[in-house]
Amino acid sequence: MSLQQIIECSLKQQFGGRSLPPHMWQAARRITSCRTAALGGHVQACPDEHMERHWYNSCKHRSCPLCAFTSVERWLDRQKARVLDCDYYHVIITLDSAL
């Protein structure tokens, strides 16, 4: 079961009578609608019309596990590209104030 399904099934049962802060309701709504038809989508098709795939848009909320994973992976790729392609060591030295 995904977090999206858990929130969708139990949010109204658990918190229906109590008031939650608006940012929590917004996060829950966005997570439950992530990568569903509710947010729209697009079709990716083969030029020869052999196959087509439907891709739904993501919510891009920082608490969404699907969206956060993608953004974390992109960040890691950017950081890995900055690393030198050789062995190196980080050294800190202190110079005399006269220098």
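Predicted model: local features only at pLDDT ≥ 70, side-chain atom pairs only at ≥ 80, totals over all residues.
Student: How do you know that the span of helix 2 agrees with what it should be?

Tutor: Helix 2, residues 22-33, has 12 residues and should therefore span 16 Å, and since its end C-alpha atoms are 17 Å apart, the two values agree. The buried residues of this helix are Ala27, Ala28, Ile31 and Ser33, and helix 2 is followed by arginine 35, whose phi is positive, near 55°.

Student: Why is threonine 70 called partly exposed?

Tutor: Buried means under 20% relative accessible area and exposed means over 50%; threonine 70 has a relative accessible area of 24%, so it is called partly exposed. Threonine 70 lies in helix 3, residues 65-82.

Student: What makes the pair of leucine 66 and threonine 70 a polar contact?

Tutor: The backbone oxygen of leucine 66 lies 3.1 Å from a polar atom of the threonine 70 side chain, and the cut-off for such a pair is within 3.5 Å.

Student: Which residues make up the largest nonpolar core?

Tutor: That core has eight residues in all, namely Ile7, Leu11, Ala28, Ile31, Cys34, Cys59, Cys64 and Cys67. The elements that give two or more residues to this core are helix 1 and helix 2. Cysteine 64 touches Ile31, Cys34 and Cys59, leaving aside residues up to four places away in sequence.

Student: Where is confidence lowest, and where is it highest?

Tutor: Confidence is lowest in helix 1, residues 3-15, at a mean of 74, and highest in strand 1, residues 41-45, at 91, while the protein averages a pLDDT of 84.

Definitions and conventions: Residues numbered from 1 in each chain as written. Heavy atoms only, no water. Helix = DSSP H or I, 4+ residues; strand = E, 2+ residues; numbered from the N terminus. Buried < 20%, exposed > 50% of the residue type's maximum accessible area, 1.4 Å probe, protein only. Polar contact = N/O pair within 3.5 Å; in protein donor to acceptor, adjacent residues only side chain to side chain. pLDDT = per-residue confidence, 0-100. Expected span 1.5 Å × (residues − 1). Core = buried A, V, L, I, M, F, W, Y, C linked by side-chain atoms within 4.5 Å. Contact = heavy atoms within 4.5 Å.
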